[in-house]
Amino acid sequence: NQAVVGAASSDISLSVIDALTGSGVLMISPSNTSPQFSTYDANGLYFRTAPSDALQGEYTAALLDARGHENVAIIFRQDSVSLVSLQGIFRRMPITILRGARGRDAASIITQVVNAGPDAVLFIGFPETAVPIHQEAFQQQLLLADQSIRWYYTDGLLDDTFVESTTLDPALFAGFEGTAPGTPTGDSASQFAQRYSDAYGEDFTLFAPQSYDAAWLVILAAQVSDGTSAGIQAAMVGVSKGGEKCIAEACLALVQADPSADIDYVGASGEIDFKDGSGDPGSALYQVWSFTADGATQQDQLVQSPGDIQ
């Protein structure tokens, strides 16, 4: 193999990156968000189409600030991704209490949060942990029908099955908000959404556009180079920015007709514009999302910077 799309998890990628890139194999992940990768020494063979969690902390802090909260309780997974996500929040918000959701029972966590008397709760984690946490929060009246204590989230709970899994009334969650990488409008995004729907009979899930873009960038870089991992590596930045804007097969047609064509792949997840030297995307869109009255999720805002959140 000359290139690998993946892994999805930052922790898994960290466990294999040395073996793969050390063997000359290029890695490109659609969903690694750990800031560690921005400075990781992978001989220039690591790329990703998802933005760093360091950015999401800033967007989450801006959302909490825009809603006027002053004392926010945070329940989070005790892993490197969650901890770095919090850094931007620490700089912006007065934190009342900080508790890890791993290694403690839900009742103990919620009791400590209740005793702190926050005006909002931020949960950073995934459904398997969130379900017992929210069930216990309802029992201890931290999750209230009048929503006098608002709950907020990151991308881990952008999941249409989560609320149903709690067996609680979906109305308890209606309007609760979160942040997550966003998907733009435009021809590339629309084409991808239609293709995904045609193939799977449903709307796409988080990081699916980034996965699509990762595969296309490798294809295009291979087409304009000799197809080796070194050739693909050398071409990745060039096909992602600076040339004639194009999408999917239109880009492929241009470089097949003329391998020296200067193209700028516009992704289903937006402009990629890889940064020289880091493999990180050079731009990022974020969304503010919320739960609907039936427990589904919806995108409410698409913003280019934290200050754009309303």
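What is the order of the strands in the open sheet of three strands? The points below begin with that.

1. The open sheet of three strands runs in the order S9-S10-S11, and its pairing is mixed. Strand S9 (244-246) and strand S11 (270-271) each have a single partner strand and stand at the edges, so one side of each is left without a neighbour in the sheet. Strands here are DSSP runs of E of at least two residues, and helices are runs of H or I of at least four residues, both numbered from the N terminus; two strands are said to pair if DSSP finds at least two bridges between them.

2. A word on the basis of these notes: this is a predicted model, in which local features need pLDDT of at least 70 and side-chain atom pairs count only at pLDDT 80 or more, while totals for chains, interfaces and linings use all residues. Residues are numbered from 1 along each chain as its sequence is written, and side-chain values use heavy atoms, with hydrogens and water left out.

3. Within the sheet, strand S10 (residues 263-267) pairs with S11 in the antiparallel sense over two bridges, and Val266 has Glu271 in S11 as its bridge partner. Glu271 also takes part in a salt bridge with Lys245, at 2.9 Å from N to O. Because Glu271 lies in strand S11 and Lys245 in strand S9, the pair ties together parts that are 26 residues apart in sequence. Salt bridges with shared partners join Lys245, Asp264 and Glu271 into one network.

4. The structure holds six salt bridges, a salt bridge being a side-chain nitrogen of Lys or Arg within 4 Å of a carboxyl oxygen of Asp or Glu. One of them joins the side chains of Asp280 and Arg48, at 2.7 Å from N to O. This pair links distant parts of the chain, 232 residues apart, with Asp280 in the loop between S11 and S12 and Arg48 in strand S3 (residues 46-48). Are these two residues buried or exposed? Asp280 is buried at a relative accessible area of 6%, and Arg48 is buried at 0%, where buried means under 20% relative accessible area, exposed over 50%, and partly exposed in between (1.4 Å probe, protein chains only).

5. Another salt bridge is formed by Glu249 and Arg195, whose closest N and O atoms are 2.8 Å apart. Since Glu249 belongs to helix H11 (residues 248-257) and Arg195 to helix H8, the pair ties together parts that are 54 residues apart in sequence. Glu249 counts as partly exposed at 38% relative accessibility, and Arg195 counts as partly exposed at 32%.

6. Strand S12 (residues 286-291) and strand S13 (residues 297-303) deserve a separate look, as they pair in the antiparallel sense over six bridges. Phe291 stands opposite Thr297 in S13. The hairpin of S12 and S13 has five residues between the strands, and there Gly295 takes a positive phi near 90 degrees.

7. Finally, which residue of the surface might a reader locate from its loop? Asp203 is placed in the loop between helix H8 (187-200) and helix H9 (208-224), and with 67% relative accessibility Asp203 counts as exposed.
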